[in-house]
Amino acid sequence: MNEPSAPCRLRVVYAHGPQLQYISHLDLIRVFERAVRRARLPLAYTQGFNARPRISMASPLPVGMAGERELADFYLTERVPAGEFLSRLAPQLPPGLTLLAVEEVPRQGPSLASLVRAARYRAVLPAHYSLAEVQQRIDELLQQAVLPRTRRAKKGRPTDYDLRPLIQTLTVEPGADGPVVRMTLAALPGATGRPEEVLDALGYPPARASIVREEIILAPHAEAPAGEAGLPEDVGEVPEESGDFAGEDAP
Amino acid sequence: MGSAERRERAEAPQVQLSAEILLPQAKPARYTGGEWNARQKDWRAAEIHLALAYPDIYDVGMSNLGFQILYEIANDIPDVLCDRVYAPWVDMEEAMRRHGLPLYGLESRRPLAEFDIIGFQLPYELNMTNVLNMLDLAGVPILSAQRDEGHPLVIAGGSGAYHPEPMADFIDAFAVGDGEEVLVEILDVYRAWRRRPHRFRLQLLEELARLEGVYVPAFYRPRYDDKGRYLGLQPVHPDAPERVCRRVVERLPLAPVRPVVPYISIVHDRAMVEIQRGCTQGCRFCQAGIIYRPVRERSVEEICRLAQQLIDHTGYEELGLLSLSSADHSQIVEIIRRLKAQFADRPLSLSLPSLRVDSFSVELANMIQERRRSGLTFAPEAGSQRLRDVINKKVRAEDLFQAAEAAFQSGWLRIKLYFMIGLPTETVEDVRAIGELVREVLDIGRRYAGRRAQVAVSAATFVPKPHTPFQWVPLVAEDTLAEHIAVLQDVTRVKGVHLSWHAPITSLLEAALARGDRRLGQVIHRAWQLGAKFDAWEEQFRPAAWEQAFAENGLHPDDFARRPLEYADALPWDHIDAGVTKAFLWAEYQRALRGETLSDCRGVCHGCGIRGRFHLMACPLLAEEPAAEGKPA
């Protein structure tokens, strides 16, 4: 659907700071869209009555969280060098959005969302928690073979799932403001680990605002060569069309 | 108050918004500011701190053009810091009260009580309790009489300032009319007062009262006869003029080109260019049609230039061409043609609210909407020709049918029709006539779009408003209204027609607050104490609180909403001079009762009084004529 209209696809790495942690995923796309328009960059739009900007996010950031290395693909109707895109867009972004890197990627490749495999998070616990105790709870949790949990969806029935296989790494280290829990959680279609759930399983009341998504981990290139493996483009974009689903897809 | 105390106030800490408070909110970004084009000024460097306040939620207030205009004007003054503040929705208010957080300015996050001036926009009667609630959340005494030099000055403008008496107890000074110039003058007066070594609040109010267009209610006393009938307002201070004349800017000032762009979606999420202020149609129910006279068109050149700057500075994907009747602009086709050419290189949609009921308007709609022709809205307002003549809505049934034909023929599928119920002299036959109009429009639609054609009918209760020819008319009786709504439901029960009407429960209150005198202050105060707020939001409206508040004060809403009035009667807004004479309004009312219409005054002047009152060289002030000279002394 995009072939002739979007000859240029740029992958943008950006930081989503705490100033913007209260806006939703759909709001964020509009913020980017208007910034791109102010920068007079040739943004591509979907065809049809309801033209939407062709901006694809790797993974929606839950409201209340900050992200240090977020990813989005921008489709343009003309080729714009990555450096020029960055220098023109950066001054049009509101405080709280910082461009870190831009690179051109093959426009035929799989959608960005379909490449996501995992995400790394960092959560700062209140200072009165002792490091040793947190460590002990982590050890106990990781020894479990299964971690049955129930997720309450916004709509529909609560679903039961196993959190354990979604936890790839889980560690703790001392920090200036309190123990810092670091985790890498799987983020696959239908199998997304959520950091609040891990904290809750550890017995700590989840305080989302103290959690930062440090990085989104994509599949290595070999795993999803452009134009061959991986999900087709449209599948990856489906969630964006389906409203506010931030962090809601059940495993 | 001493300057030491002042300095202490100016260094008050910012309000801290924790995740615990914000995360559970429906839309936390309503409360965090920092949007594109928001003006972040240095608190300490500013001499005057002004909080522009809108007594409804962010989503509504951010859509208001007047609010954005004043925000930009105030912030363009170097020593003025102007923040925005909106009414927190009930969930946020509850959290703020629980955590002891005061209401704050969105940009500076300083408590509202630390500002020098709080300026409310009063767009609508049913927002009045929100003003009290916001003052209370700010920790500012609600009653003007209880505020002193250590409190912010509380001023108000907007259409509510044209009938200020119900809010007279709470507002220190009202600014009546176009706000662009008078706001700057108020700030100048305030600045000079602030620089005095010894400051008394009374002096400030006196100096404000000397400004043209400013009404200081404390300098007037209402009089009533022994039956409680209102007899008028007595100036009790030498600086208080008998009548306060509204302000008019003769030439439309340049509009804001850097409006704040919200993060969240709001009611009207688009760039706005005011292409014309005022309206010459002369609909007799319409307050805006009187209080925004004279018509002032903006030139094509200026509209195109403003549009370019607006779009460049906001990135908006939609541009609204605002006016009370867009198709009336003498250059409207040229405006649309030029804007389309100007923005041909990017996807930008134009929108044209307030279309007339005629095929020319459909042509305009077709020009701006080449694809996606979903719905068009027309407002015939009344079903029968007789009643349309009464209200001076100069639309014939043929105009509507031709417009519908043009619309369905060019691919539009849905037509929405606005009507009012409870208009003066309305009978059951007039309501039945709505059914005939609607069915005919649907039949036309079926011819072009088959079963896909739809007609939506939206009916609102007519509420008589001050400064209109119908200001003397009582609100329709409850049983008549019920009967007419039942008839309306009956005659629109047709497949393909969807009827919606506003529950009349708030109309009585709206009419009472619109037509009431100063005694309503105590009622509003009491109703707010009993939990009334967001009265315009049906699910929040608390009729029991209002009933009790009226009863405790020995009053009934009917005393104001349904009191029959004569020409000789003193009206609670007589001291506000909107520029149109009372004699003209009365003559219009009499013509209405005789079923006589009055033509659009673009062709011929009907002597409403505006031209003489403001010494206008020309009226309407058309875009392509040279701007009128200044007023003669």
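How much area is buried between domain 1 of chain A and domain 2 of chain A, and what percentage of it do carbon and sulfur atoms give? About 1,200 Å² is buried there, and carbon and sulfur atoms give 55% of it; buried area is the accessible area (1.4 Å probe) that two parts lose on being put together, summed over both. This is a predicted model, in which local features need pLDDT of at least 70 and side-chain atom pairs count only at pLDDT 80 or more, while totals for chains, interfaces and linings use all residues. Residues are numbered from 1 along each chain as its sequence is written, chains are lettered from A and ligands numbered from 1 in the order in which they are written, and side-chain values use heavy atoms, with hydrogens and water left out.

**View 1. The two domains of chain A.** Chain A is assigned domain 1 (8-109) and domain 2 (115-218), with bounds from an automatic or database domain assignment. Their C-alpha centres lie 27 Å apart. Domain 1 of chain A brings 16 residues to the contact and domain 2 of chain A brings 15 residues, where contact means heavy atoms within 4.5 Å.

**View 2. Residues between the domains of chain A.** Of the area that domain 1 buries against domain 2, 40% is supplied by A:Met65, A:Glu68 and A:Arg69, more than any other three residues. There are 2 salt bridges between these domains, a salt bridge being a side-chain nitrogen of Lys or Arg within 4 Å of a carboxyl oxygen of Asp or Glu. A:Glu68 also forms a salt bridge with A:Arg122, their closest N and O atoms being 2.7 Å apart. On the side of domain 1 that touches domain 2, the largest share, 6 residues, comes from strand β3 (residues 66-76) of chain A; strands are DSSP runs (E, at least two residues), numbered from the N terminus.

**View 3. The interface of chain B and chain A.** Here 27 residues of chain B are in contact with 24 residues of chain A. The two chains bury about 2,100 Å² between them, with 55% of it on carbon and sulfur atoms.

**View 4. Salt bridges and helices at the chain interface.** The rule finds 4 salt bridges across the interface of chain B and chain A. The side chains of A:Arg34 and B:Glu317 meet in a salt bridge at 2.9 Å, N to O. Helices α2 (19-22) and α10 (300-314) of chain B each supply at least two residues of the side that touches chain A; helices are DSSP runs (H or I, at least four residues). The largest share of that side, 3 residues, comes from α10(B).
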